[in-house]
Amino acid sequence: MVRNKLILAAAMLSSAALAAPAAAQNEQFIPILSYRTGAYAVNGVPYANGVADYYSLINERDGGINGVKLLVEECETGYATDKGVECYERLKGKGPTGAAFINPLSTGITFALTEKTTTDKIPIITMGYGRADSKNGAVFAYNFPLLGTYWSAADIAIQHIAKEVGGFDKLKGKKISLLYHDSPYGKEPIPMLQVLAKKYGFEFTPIPVTHPGVEQKSQWLAIRQNRPDYVLVWGWGVMNGTAVKEAAAVAYPRDKMIGVWWSGAEPDVTPAGDQAVGYKSLMLQHGAGKFLVHADIEKYVYARDKGASEPGKVGEVLYNRGMVNAMLGVEAIRKAQEKFGKKPLTGEQVRWGLENLNLSDARIKELGFEGMLKPIRISCSDHEGARDGRVQQWDGKGWKVISDWYTANQSETEPLVEEVSGKYAAEKNVKPRDCSKES
Amino acid sequence: MLYREAGQFKTTYAEDMAIFPIRQDRIALGILLGIAFVGVPLLATFHIWPFNSEYLLWAILLPFLILALAAIGVNVLVGYCGQISLGSGAFMAIGAYSAYKLGTGVHIPLAWFGFAISIPPLPVLPSILLGGLMAAIAGILFGIPSLRIKGLYLAVATLAAQFFFDWVFLRVPWFTNYAPSGSVNAPRLDFFGLAVNTPIERYLLCLIFITVFAVLAKNLVRGNLGRQWMAIRDMDIAAELIGIRPLYAKLTAFAVSSFIIGVAGALWAFVYLGSWEPLAFSIDRSLQLLFMVIIGGLGSIMGSFVGAAFILILPILLNLIPTQLGVPLSTETITHLEFIIFGSLICYLLIKEPHGFARLISIGKEKLRLWPFPY
């Protein structure tokens with residue numbers, strides 16, 4: 001009997017699997033690669049919630065983009081490259097036109113997917129992460145490191161340090177260490193910092209931390225012996241909180257630590273309690289807090305019980321970053337619809353929308369993001385679009401913005417972008433596009 | 001009834017010693033190879049279900065073939081020669097990075113001696129095979145301790161290899177051609193002037209590799225060398241007394257095993273990932289390969305395939321089922337469920353059949369011989 005029931009159940013399951021709901025034709029498919037489990041979940045969860053909630057908002061409030069509903073599916077990568085590739089393959093062909101774009105939230109997965117996405121003609125949006133050389137859209141047609149690469153971040157961090165010590169000329173002889181996650185993510189800023197160290201005459205020491213970053217005793221011992229004037233933190237997940245705690249253990253002043261924008265969210269400092277007071281980090285333009293768009297999120301998403309997050313966590317740094325990221329993707333689709341019509345678009349068409357995306361102050365205000373973002377303009381030769389940042393400091397309860405806007409100095413980043421992307425083009429036989437002929 | 005060898009008389013020694021002495025086995029294998037070499041590519045070319053998207057080829061079959069190859073390598077060492085190794089990930093990495101260096105050109109400046117060693121970029125096939133050779137050399141070096149230490153102690157020694165090579169490829173920029181991010185890109189895949197790009201071509205390439213290596217490995221373990229390995233595995237002192245040199249037997253096992261693992265590593269990097277970092281060959285990979293061999297069956301080539309399928313594909317299937325059925329679960333819950341179910345399945349399987357799938361298959365065969373009359 002039991003066996004018969006099992007067979008029956010299996011038959012029902014398989015018939016249900018075969019009769020998967022046929023996708024409606026007027027839907028734009030967007031995959032979400034997220035990680036809600038593993039060593040990086042503390043940071044992955046709020047980000048994924050922000051992304052999911054913004055797509056829900058577009059569907060609930062506007063009924064999609066110009067009537068084209070967004071169809072979203074999440075896939076768990078666990079921040080592992082091979083899982084990420086599997087997720088990408090699983091989701092890239094879904095929906096009537098395939099994935100509009102992909103956003104892996106992992107520099108390692110970005111490296112693994114760069115070539116595939118170009119072949120599949122699906123843009124890869126890496127907002128505030130990814131490979132810094134992909135700013136050069138002539139070579140990397142499908143990569144969009146929007147709002148800032150790690151090289152821009154490194155430049156902004158040094159600008160802030162220069163301001164704190166009283167000018168760029170005062171940087172000479174200073175000691176700056178980089179505590180980094182030993183992966184492509186953490187290694188990205190090193191060449192830029194080396195260039196800057198040479199230019200301004202500070203002494204630069206990179207200090208690697210092995211994945212996942214809970215073991216940092218020897219690194220902080222080295223910092224204690226070397227006594228650097230500043231420590232830049234390029235960490236993610238549990239590594240950030242550990243770094244703050246270890247700094248306290250060796251009595252390294254927290255206000256001399258500057259995290260990158262991925263090392264400056266609530267989960268990074270709250271576990272350390274009072275020890276984290278004074279810790280600084282860069283901001284990828286926006287910070288924590290609620291703005292006009294959050295009111296809509298509460299009204300259309302949370303009031304209808306469709307929110308992904310605990311309501312108390314709406315407006316955290318990484319939640320907001322997820323939202324900004326989703327918004328830029330949605331606006332790119334909207335832009336592409338202007339040219340290709342109000343229907344589901346292919347990745348290739350969305351790529352055009354991304355490359356011609358131009359968000360003015362007025363448009364940002366209209367979207368409810370005023371106060372979070374500065375204008376963004378993306379072009380063929382500049383897939384970054386904007387390279388502004390501020391610095392925030394943790395006061396024990398919240399993040400306080402402590403600086404004006406900085407803009408990364410392109411004269412410093414650009415030669416490196418040209419050199420490294422040129423090397424990639426030669427290695428991969430990519431013929432750079434002529435950006436003057438693109439429209 | 002169908003699977004009965006009555007009437008199949010073997011009249012020569014060659015027939016008696018054939019890899020597959022039973023006719024039904026040969027037919028089954030022929031059909032399987034036919035499906036793999038002709039059926040799958042044909043279905044994929046015409047996008048017939050289940051090959052209507054590239055997913056099955058890219059994300060399931062390709063990694064399955066490559067990891068099954070690596071599992072064969074691990075099985076030679078762990079299953080046939082009885083030397084527990086936790087360094088398989090490292091040997092995969094050696095294969096991958098050596099192949100990468102050879103494929104992009106080696107330049108060793110020897111400033112002290114006033115000259116430099118330069119090797120121009122080699123074609124892909126030689127670089128993959130030489131990558132395997134490099135792994136074999138490293139395998140021999142790290143196999144030397146096995147002459148003195150055994151069992152778990154040897155596992156710890158091979159663990160050292162794992163961490164050492166993880167460190168080398170992470171920290172020595174020469175191996176990554178000074179790539180700023182430490183992530184390297186495989187060279188273009190050209191085989192004798194043919195570019196291997198589409199998933200079907202990549203699949204066929206890996207299939208050819210694994211078929212050749214599986215046949216080679218199967219013949220090795222059936223022959224003189226394999227018997228030496230198994231004698232060492234079953235009782236090394238007795239083996240020594242009947243005239244088997246432990247040095248030779250153990251080091252050849254390390255060499256052959258590392259060679260196969262190295263080739264698998266190079267394929268994993270070149271054909272599947274395309275762009276990789278040392279984390280792709282971390283200790284997790286070593287453990288994954290070891291589990292494949294244990295679940296599949298120690299000392300069985302067939303078991304390597306089944307084990308690879310179980311460890312690689314089952315979690316993905318478990319992960320896919322709720323979405324396919326339209327059950328509204330968060331990805332978080334699905335992933336946790338996947339871990340729970342997968343873990344319990346492993347426990348259940350090992351309690352029911354500690355010798356793995358290979359044993360289950362052979363029991364199945366025995367029963368099938370008698371079926372439908374159990375006497």
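How much space lies in the second largest pocket? In this predicted model, where local features need pLDDT of at least 70, side-chain atom pairs count only at pLDDT 80 or more, and totals for chains, interfaces and linings use all residues, side-chain values use heavy atoms, with hydrogens and water left out. Residues are numbered from 1 along each chain as its sequence is written, and chains are lettered from A and ligands numbered from 1 in the order in which they are written.

The answer is about 1,500 Å³. A pocket here is an open set of points on a 1 Å grid over the protein atoms alone, where a 1.4 Å probe fits, with protein on both sides within 12 Å along at least five of seven lines; lining residues have an atom within 4 Å of a point. The volume is the space filled by probe spheres set on the points, which are joined across faces, edges and corners. There are 39 lining residues, and Phe20(B), Leu29(B), Leu32(B), Met302(B) and Phe305(B) lie nearest the centre. Two or more residues each come from helix 2 (23–45), helix 3 (55–80), helix 7 (199–222), helix 12 (301–325) and helix 14 (356–370) of chain B, helices being DSSP runs (H or I, at least four residues) numbered from the N terminus. Helix 2 of chain B gives the largest share, 9 residues. By type, the lining holds 28 nonpolar, 5 polar and 6 charged residues.

Turning to the domains, chain B is assigned domain 1 (19–52) and domain 2 (53–370), with bounds from an automatic or database domain assignment. Both give residues to the lining of the second largest pocket, so the pocket lies between them. Ile19(B), Phe37(B) and Phe51(B) supply 45% of what domain 1 buries against domain 2, more than any other three residues. One further link is the salt bridge (a Lys or Arg side-chain nitrogen within 4 Å of an Asp or Glu carboxyl oxygen) of Lys365(B) with Asp25(B), whose closest N and O atoms are 3.3 Å apart.

As for the two chains, chain B and chain A bury about 3,100 Å², 54% of it on carbon and sulfur atoms. Pro180(B), Ser181(B) and Thr331(B) supply 17% of the area chain B buries there, more than any other three residues. Salt bridges between the chains number 3; Asp82(A) forms a salt bridge with Arg285(B), at 3.2 Å between the closest N and O atoms.

How values were computed. Ala, Val, Leu, Ile, Met, Phe, Trp, Tyr, Cys and Pro count as nonpolar, Asp, Glu, Lys and Arg as charged, and the others, Gly among them, as polar. Buried area is the accessible area (1.4 Å probe) that two parts lose on being put together, summed over both.
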